[in-house]
Amino acid sequence: MRRVIGLIAAAALLVPVVTACTSEAERSGIVVTTNILGDLTRAVVGDAVPVTVLMQAGADPHSFAISARQAADIERSALVVHNGLGLEEGIARHVQAAVAAGVPTLAVAERADPIQYTSDESAGQLDPHFWTDPRRVRMAVEAISAEVLAQVDGINAEAVQANTQRYLGELDELDRWMTDRFAAIAAERRQLVTDHHVFGYLAQRFGFRVIGAVIPSGTTLASPSASDLDDLATAIRTAGVPAIFADSAQPDRLSRVLAEHTGLQVQVVALHTESLTPPGGGAATYLEMARANTEAIARGLSGPTT
C-alpha cells in the first residue's frame with residue numbers, strides 16, 4: 001500500500017514537468033502587438049505561418065489593452081513581435097510574462113537604430129516611433145525576417161527570404177519617392193508641429209525641424225499645461241508654421257484650440273501616425289500610410305502663414 005501511495009505521489013510530481021514540456025512543444029504561430037508591425041510581419045511571412053495581430057485598426061498603441069485569451073495566445077506563440085521602447089504601455093506586462101515563460105520575443109524598435117527624444121519632457125529617452133523613417137523600417141523588416149527564420153520551426157525559408165527581398169525593394173522605392181516629394185518643400189517651410197512627439201525620425205531623415213507638440217511628450221497619455229500651449233503658440237507665430245498635424249485616431253480639440261490661439265491661419269491636418277486604418281480608410285498598410293502622410297505633410301506646409 002505504501003508503495004502504491006509512493007508511486008502516485010511521484011506521478012503527481014511529474015505532471016507539471018510534462019505539461020510544461022508539452023506547452024513549449026505546442027507553441028506555434030506569431031503574435032504581433034501593433035498593427036503596423038503586423039503589416040510588416042505579414043509582408044515577410046506571407047501565408048507560411050499564422051500571424052495574430054493584437055491591436056485593432058485605429059487603436060492607440062500607448063493605451064490599447066488585451067483580453068485574457070489574447071494574453072494566453074502570447075504565451076502559446078512561437079514568436080512575439082513587439083515594438084518595445086515603452087510604446088505598448090497597456091500590454092508591456094504581458095510581453096514581460098512571455099519572456100519569463102521562455103517565449104522568444106523581438107523588440108523591433110531596439111533593432112532599428114533608435115534615437116533619443118529632444119522634447120523637454122522626454123529628453124534622453126529613446127523614441128519608439130521609428131516607422132516614420134522608411135530606412136529604419138527596412139532595418140525592422142530585416143530583423144523580423146531573421147528572427148522568424150531563427151525561431152519558427154518548419155517555416156518555408158525560401159518563401160520568407162523571397163518575400164523579404166520583395167518588400168525591401170518596395171521600401172526602397174517608397175524612400176526615394178518620399179525624398180523627392182519632400183525635396184519640393186522649401187527648406188524654411190520644413191517645420192513640424194504635431195499633437196505629440198511622433199515625427200523625430202522623419203525629421204532627422206528628411207531634414208525637418210520639429211517646432212513642438214501639443215502634448216509635449218512621446219505618449220498620448222500625457223497632457224499639456226496652459227503654459228505649454230502658450231509657449232507653443234508663440235513658437236508657431238515666430239516660425240510662421242502653417243499647419244498642426246494631428247493623429248486622425250485621436251481627438252483634435254487641443255490642436256484646434258492651439259491653432260486659434262496663434263492668431264494665424266493655421267490649419268489642423270489629420271495624419272495616420274500610430275495606427276493603420278481598416279481597408280478603405282486611407283492607411284490600411286504601412287506603405288499606404290507612409291504615402292498618405294507624406295502627401296498630407298507636403299500639402300499642409302504649402303498653406304498660408306499669415
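Leaving aside its neighbours within four places in sequence, with which residues is D133 in contact?

1. D133 is in contact with Y201, R205 and Y286 once its neighbours within four places in sequence are left aside, contact meaning heavy atoms within 4.5 Å. This is a predicted model, in which local features need pLDDT of at least 70 and side-chain atom pairs count only at pLDDT 80 or more, while totals for chains, interfaces and linings use all residues. Residues are numbered from 1 along each chain as its sequence is written, and side-chain values use heavy atoms, with hydrogens and water left out.

2. D133 is placed in the loop between β4 (105–107) and α5 (134–151), and it counts as buried because its relative accessibility is 2% (buried means under 20% relative accessible area, with a 1.4 Å probe and protein chains only). A polar atom of its side chain lies 2.9 Å from the backbone nitrogen of R135.

3. Turning to the aromatic residues, a search of the whole structure finds three aromatic pairs (ring centres within 6.5 Å; planes under 30 degrees apart are stacked, over 60 edge-to-face, and the rest tilted). The rings of F182 and F208 have centres 5.0 Å apart and planes at 80°, so this pair is edge-to-face. Because F182 belongs to helix α6 (residues 157–183) and F208 to the loop between α7 (200–206) and β6 (209–215), the pair ties together parts that are 26 residues apart in sequence. F182 and F208 are both buried, and together with F206 they form one aromatic cluster.

Key. Rings of Phe, Tyr and Trp (its six-membered ring) pair if their centres lie within 6.5 Å; planes under 30 degrees apart count as stacked, over 60 as edge-to-face and the rest as tilted. Helices (H or I, at least four residues) and strands (E, at least two) are DSSP runs, numbered from the N terminus. Buried means under 20% relative accessible area, exposed over 50%, partly exposed in between (1.4 Å probe, protein chains only). A polar contact is a pair of N or O atoms within 3.5 Å; within protein, one must be able to donate a hydrogen and the other to accept it, and residues adjacent in sequence count only if both atoms are side-chain atoms.
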